[in-house]
Amino acid sequence: SKKAVELDDPLAEAHRSLAFDELWGNWDFTVGEKEFRRGIELNPRDPLAHVWFANAFAGPGWYSICMREMNRAQELDPAAPVVLAGKGQLLINMGQSEQGIEMLKQVERTDPDFPAPHRYLANQYFALRKYPDFLIEYQKQAELTRDPVLEAITAAASEGFSRDGERGLLERLYAVQHKYSTAGSFAGAYLARTCVRMGKKDEALQLLRADYASHNPEFLMIRADLILNELKDDPAYRELVKNLRVPAPESFPAAFLPDQNGKNAEPKAR
């Protein structure tokens with residue numbers, strides 16, 4: 001992507017791809033913001049640029065800007081499952097749980113083979129302690145992705161819940177997630193969510209530190225995950241978030257911000 005930008009700067013898609021690589025590969029939010037901005041300036045009618053930006057920057061302080069970008073993506077491509085699923089997840093993270101869940105269910109109805117809404121719903125149902133719904137969505141995600149690790153975790157969690165409700169589910173979930181996390185085939189950030197729910201906050205922080213040190217892309221969920229944010233008062237957690245060096249939203253160009261009437265400003269091409 002960087003080479004494509006060097007060869008053809010006016011190519012909007014190259015800037016969008018480079019922004020994606022810089023954010024999820026290098027964790028460079030400053031360069032990622034710059035490249036997303038350039039890509040959107042060159043082609044403001046590219047829905048993927050808007051939705052990718054919103055997904056990457058979603059987190060405290062950035063939610064209103066990200067929702068503006070997601071709404072723009074939806075205006076450009078109203079039926080795209082990637083847009084609707086992303087918006088549903090963003091609504092949940094912003095505290096509009098019912099609206100977000102309904103949007104994700106809508107995507108499930110129209111695109112039943114698209115895994116993302118099942119993953120988002122599983123995470124939310126776990127946060128809400130709606131464990132039967134969590135298990136249904138987790139199982140569907142495992143089936144659609146054909147992931148044997150998720151299938152094994154789902155089977156263990158289902159067995160534990162049938163045996164001893166929440167306590168049984170968490171015990172079995174922890175045991176199997178820990179096994180696969182130790183083997184390097186399951187992100188520590190997801191096991192950390194289970195640890196927080198079980199009151200194992202020190203272990204959760206240890207797992208997040210390990211994900212940060214190994215540059216695991218799943219670590220980036222730390223900024224928006226509702227369960228992990230229960231650690232927000234811990235200095236070690238705040239330091240981990242700070243280490244991501246996400247720029248302050250005040251640095252976002254005025255042309256990208258809602259105007260004084262609350263409407264979305266259209267980025268102006270240079």
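Axes are lines fitted to C-alpha atoms, for helices over the stretch in contact, and angles run from 0 to 180 degrees between N-to-C directions. Helices (H or I, at least four residues) are DSSP runs, numbered from the N terminus.

This is a predicted model, where local features need pLDDT of at least 70 and side-chain atom pairs count only at pLDDT 80 or more, while totals for chains, interfaces and linings use all residues. Residues are numbered from 1 along each chain as its sequence is written, and side-chain values use heavy atoms, leaving out hydrogens and water.

**A pair of helices**
- The axes of H6 (residues 81-93) and H7 (residues 97-110) come within 7 Å and cross at roughly 160°, so H6 and H7 are roughly antiparallel to each other.
- On the H6 side, the contact (heavy atoms within 4.5 Å) includes Pro81, Leu84 and Ile92, and on the H7 side it includes Ile101, Met103 and Val107.
- Sorted by class, this contact of H6 with H7 has nine nonpolar, six polar and one charged residues. Here Ala, Val, Leu, Ile, Met, Phe, Trp, Tyr, Cys and Pro count as nonpolar, Asp, Glu, Lys and Arg as charged, and the others, Gly among them, as polar.

**Confidence**
- The chain averages a pLDDT (the predictor's confidence in each residue, from 0 to 100) of 90, and 89% of the residues score at least 70.
- Over residues 3-8 the pLDDT stays under 50, and the model has four contacts beyond four places in sequence for them.

**Two residues with positive phi**
- Most residues other than glycine have a negative phi.
- Trp27, in the loop between helix H2 (12-25) and helix H3 (29-42), has a positive phi of about 60°.
- Is Trp27 buried or exposed? Trp27 counts as buried, at 8% relative accessibility; buried means under 20% relative accessible area, exposed over 50%, and partly exposed in between (1.4 Å probe, protein chains only).
- Arg245, in the segment after helix H13 (235-243), has a positive phi near 55° and counts as exposed at 69% relative accessibility.

- Gly61 sits in the loop between helix H4 (47-57) and helix H5 (63-76).
- Gly61 and Ala248 are 187 residues apart in sequence but 7.6 Å apart in space, C-alpha to C-alpha.

Note on methods:
Parallel < 35°, antiparallel > 145°, perpendicular 65-115°, else oblique.
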